[in-house]
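I opened this entry to note what I looked up in one model, going from the whole chain to single contacts.

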Amino acid sequence: MSPTVQEERLQRRFELWDRDGDGRIDRGDWEHEARRILASFDESPTSDKGQALLEAYLGMWNYLAGQAQLGPNGSLDRQKFQDLADRQILARGRTGFDEVVRPTIASILDLCDKDGDGQVSPKEFKLWIKATGADESTADTAFRAIDADNDGQLSVEELVQAVHKYHTGELDVALL
């Protein structure tokens, strides 16, 4: 049986986090990803924005690790990660995304938002795409698809909705 779009996208996310390629992700992988994103924005992990991103990423890890009843040195294989992400985030719809994913999206938006207006412009969105490891050539198309109110800016709400729709297969633009 071939994997669903949702499974393929969760697998891609897993592969991005599995920095050492050992087929498992752990707290260190999530922290590494957050630090990689901070470096792509030239942001210090000790700054307010840096600490917010680290806390958000590690908050996602802590949530999933808690749901899996992992100890402090625990890790998840791809299948366990996909099952948890599906059951604890995707299947819970808006509630799952608001609880688990929104803080990360908000903290990345804060990094992108160079002019401090609480919105992401097309230029700022290109920074988002690059930082998250997506194909930069898709940034303009993705921006237009995500900009639900067509105001030329992306809000946290539009980005949360887009990431949710991306992972459920409802939005077919590269966000990761």
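What percentage of the 176 residues of the protein chain count as buried? I find 46%. I note here that the model is predicted.

**Overall form**

I listed the secondary structure next. The protein chain has eight helices and two strands. Read from the N terminus, the elements run α-β-α-α-β-α-α-α-α-α. I then took the extent of the C-alpha trace, which spans about 45 × 40 × 30 Å along its principal axes.

**Core**

I looked up the largest nonpolar core and found 51 residues in it. W30, Y57, F81, F125, W128 and L159 have the most contacts inside this core. The elements giving two or more residues to it are helix 1, helix 2, helix 3, helix 4, helix 5 (93–112), helix 6 (122–132), helix 7 (139–146) and helix 8 (156–168). Helix 3 gives the most, with nine residues. As a general note, nonpolar side chains tend to be buried together in soluble globular proteins.

**Aromatic rings**

I searched the whole structure for aromatic pairs and got seven. One of them is W17 with F81, an edge-to-face pair at 5.8 Å centre to centre, with 85° between the planes. This pair links distant parts of the chain: W17 is in helix 1 (residues 5–17) and F81 is in helix 4 (residues 78–90), 64 residues apart. Are W17 and F81 buried or exposed? W17 counts as buried because its relative accessibility is 5%, under the 20% cut-off. F81 is also buried, at 2% relative accessible area. I also noted that ring pairs link F14, W17, W30, Y57, W61 and F81 into a cluster.

**Charges over rings**

I checked for charged groups over rings. R13 lies over the face of W17, 4.7 Å from the ring centre. The charged end of R9 sits over the ring of Y166, at 4.2 Å from its centre.

**A loop serine**

Last, I looked at S47, which lies in the loop between helix 2 (27–40) and helix 3 (48–67). What does the side chain of S47 make a polar contact with? The partner is the side chain of E43, at 2.6 Å. A polar atom of the S47 side chain also lies 2.9 Å from the backbone nitrogen of G50.

How values were computed:
Residues are numbered from 1 along each chain as its sequence is written. This is a predicted model: local features need pLDDT of at least 70, side-chain atom pairs count only at pLDDT 80 or more; totals for chains, interfaces and linings use all residues. Side-chain values use heavy atoms; hydrogens and water are left out. Rings of Phe, Tyr and Trp (its six-membered ring) pair if their centres lie within 6.5 Å; planes under 30 degrees apart count as stacked, over 60 as edge-to-face and the rest as tilted. Helices (H or I, at least four residues) and strands (E, at least two) are DSSP runs, numbered from the N terminus. Buried means under 20% relative accessible area, exposed over 50%, partly exposed in between (1.4 Å probe, protein chains only). A charge sits over a ring if NZ of Lys or CZ of Arg is within 6 Å of the ring centre and within 35 degrees of the ring normal. A polar contact is a pair of N or O atoms within 3.5 Å; within protein, one must be able to donate a hydrogen and the other to accept it, and residues adjacent in sequence count only if both atoms are side-chain atoms. A nonpolar core is a set of buried Ala, Val, Leu, Ile, Met, Phe, Trp, Tyr and Cys residues joined through side-chain atoms within 4.5 Å.
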